[in-house]
Structures are given as structure tokens and as C-alpha cells.
Amino acid sequence: MQQYGSAQFTNCVFYDNFAGDYGGGVRSGFECSPTLSHCTLALNEADGNGGGFSANRDDPPGNGVVSLKGCVLHANDAPAGTQVYIEPGLPSDVRITFCCVTPDGAVGPFLGSDNLFVDPLFVNVNTVPGLRLSDGSQCIDSGNTSDVPADTANVDGDASLTERVPLDAARLNRFFRDKVDRGAYESEFCKADINGDETVDGTDMSILLGAWGTCNSPCPSDLTSSNVVDGADLAILFGAWGGCDNNAAMMAGPTEEGEASNAWVGPLTPQVLAEALGFSDVAELARYLGSLDFETMQSLLEAYFGN
């Protein structure tokens, strides 16, 4: 953006780009007022300044305000300001809040608070899907929910333009925990662990059943981000039954064979129940349960799993 731009970017990934001068990922120039909300900038490079992001001005201060909210900037490169470069004399024009920036990666004055200057601990910085945060990242659950803008583009197709953007860059639930992550992706280590106790069990199932039906964002039980809690969400929960140590399985739901992601130490698992009732896998069981009226389904599940 070189002149008079005021674009808003939400949940965007700026990855592996190159600039011969400034701003390998994004450059804000003359009288531009861009807003980047929950974006991730990684592996970008500039021959000038600002490997990830650069704010440069040819005009007096006050002719444009740049805002970065909840963004992650890591593994970018430039001679000055590997992650962020702010041209001297523009402290009132650049506001960076709740962002995560590689240590010593920012050059120049800016307004803002609640920033982290740490390694975000991506799963794998060498791939775009790997830009999700890994376990132990300080960027997890440390974002500011109010920085997520309104869903004016209706990205989830529910016709609500006033709710906050409910999906992340991978179109997964942005609000499945109390606080959002920083960056374009939610970590979602174990989204079926609705109560956050590191185990997917009957307690999570009870919470999900309690939210059955229409459930607008934020709705932790809406595992498919469809604004409806139904059999599809139940299938994901059944597929993730057990502990939360297998993060990839937690995100994927049931396997193609319908096997639970982790073995559960207990008297009954959804897979065992599926086999006992003559279903080939937990996905088929979940489809059957979803076809029942709610009271019948709830009574059946309580009979097997308890209250």
C-alpha cells in the first residue's frame, strides 16, 4: 500500500514474499491507514527495512494511522527491523497491540501495549499449515477478543454481520476457548476438550448436548463452526475421546476407519458402544444419534455414559 489505502486485513497470512526495498510482507506508505487484525507474517524478506512489516511516510505525521492487532511476526528478514520497521518520527501514527514479535525484531517508535517479544513457537515455520502455534507458546490464549473485528464479510454464511469474525485462517472456530490466540490460526490442540481439563469424556459430551441446536459464535460446543451443534460435532467429540496428547488427532476428529483418536482408560468408549450396537464406527453411531429427537438421544447416552 503506497498511497491513501485504508484496507483491513483479518486472519491473513503473509508468507515467503520479497521486497526490493521496504516491507517484505506488508508496507504502509503515503497517507495509508491499514489495519491488520490477527494476521501472521513469516519468512518474508526485504532488501531495505522491515522484513515483515514496514511503515514509511513521505508526509507529516497524522495523515494516516497504522494498526496491528493480535498479529504474529516471526522469521522475517531485513537489514533493519527484521520483523517491524517504523520510520523515525512516526510514533503517533503506528499502533501495535497484543502482537507477538521475535525478540529484537522491531525498530522504531510506536504506540501500543500488551505485546510479546518472544518466539511464537510455530509448529513448523517452513509450511503455511505449520504456522499454527505449538504447545507452550505464550501467544496461545493471550490475545484480545475485542480486537477481532465484526464479520462484515459474513465469512461463515449465517447472515450475521455484527458478530466478531468467528473463524480463523483455516476456517476453524476462533472462539472455542475463553481467550483468542494471537496470529491467524487458533492452536486448537484439543477442541473437543470443551471444559479444558485435558480429557475428552462424558463431561464434555454433557456440555455439548446442553448446547444442542442453534448456537451462535462464540460457542465452544460448535466444533464444526457451523452455528449448529449436531451430530457432526458429536462425531468429532467421539473421535477425540480420551486424552489430549495427540494434538493432530484431536483436530482431525474420527479416522477414516472410525477409530477413536486415543484409547480411553475407562469402562466404555464411543467405539466400544458403536460396536456393541452394531455400527461399523463412531461416525455411523453419531449419525444415528443425530437422527433421533433430542430427548431420545440424550436418554440413550445417559443410559450408557451416565449423567
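Predicted model: local features only at pLDDT ≥ 70, side-chain atom pairs only at ≥ 80, totals over all residues.

Trainee: Which residue in strand 10 is the bridge partner of Leu41?

Mentor: Strand 6 covers residues 40-42 and strand 10 covers residues 72-74. Three bridges join these two strands, which run parallel. In strand 10, the bridge partner of Leu41 is Leu73.

Trainee: Which strands are the edge strands of the sheet?

Mentor: The sheet is open and has four parallel-paired strands, in the order 2-6-10-13. An edge strand here pairs on one side only. The edge strands are therefore strand 2 (13-15) and strand 13 (100-101).

Trainee: Is the aromatic pair of Phe9 and Phe14 edge-to-face or stacked?

Mentor: A pair of aromatic rings is described by the distance of the centres and the angle of the planes. The count comes to one aromatic pair. For Phe9 and Phe14, the centres lie 5.7 Å apart and the planes make an angle of 75°. Because planes over 60 degrees apart count as edge-to-face, the pair of Phe9 and Phe14 is edge-to-face.

Trainee: Is Phe14 buried or exposed?

Mentor: Buried means under 20% relative accessible area. Phe9, at 23%, counts as partly exposed. Phe14 has a relative accessible area of 14%, so Phe14 is buried.

Trainee: What percentage of the residues in the protein chain is buried?

Mentor: The protein chain contains six helices and 18 strands. Of its 307 residues, the buried part is 51%.

Notes. Residues numbered from 1 in each chain as written. Heavy atoms only, no water. Phe/Tyr/Trp six-rings, centres within 6.5 Å; stacked < 30°, edge-to-face > 60°. Buried < 20%, exposed > 50% of the residue type's maximum accessible area, 1.4 Å probe, protein only.
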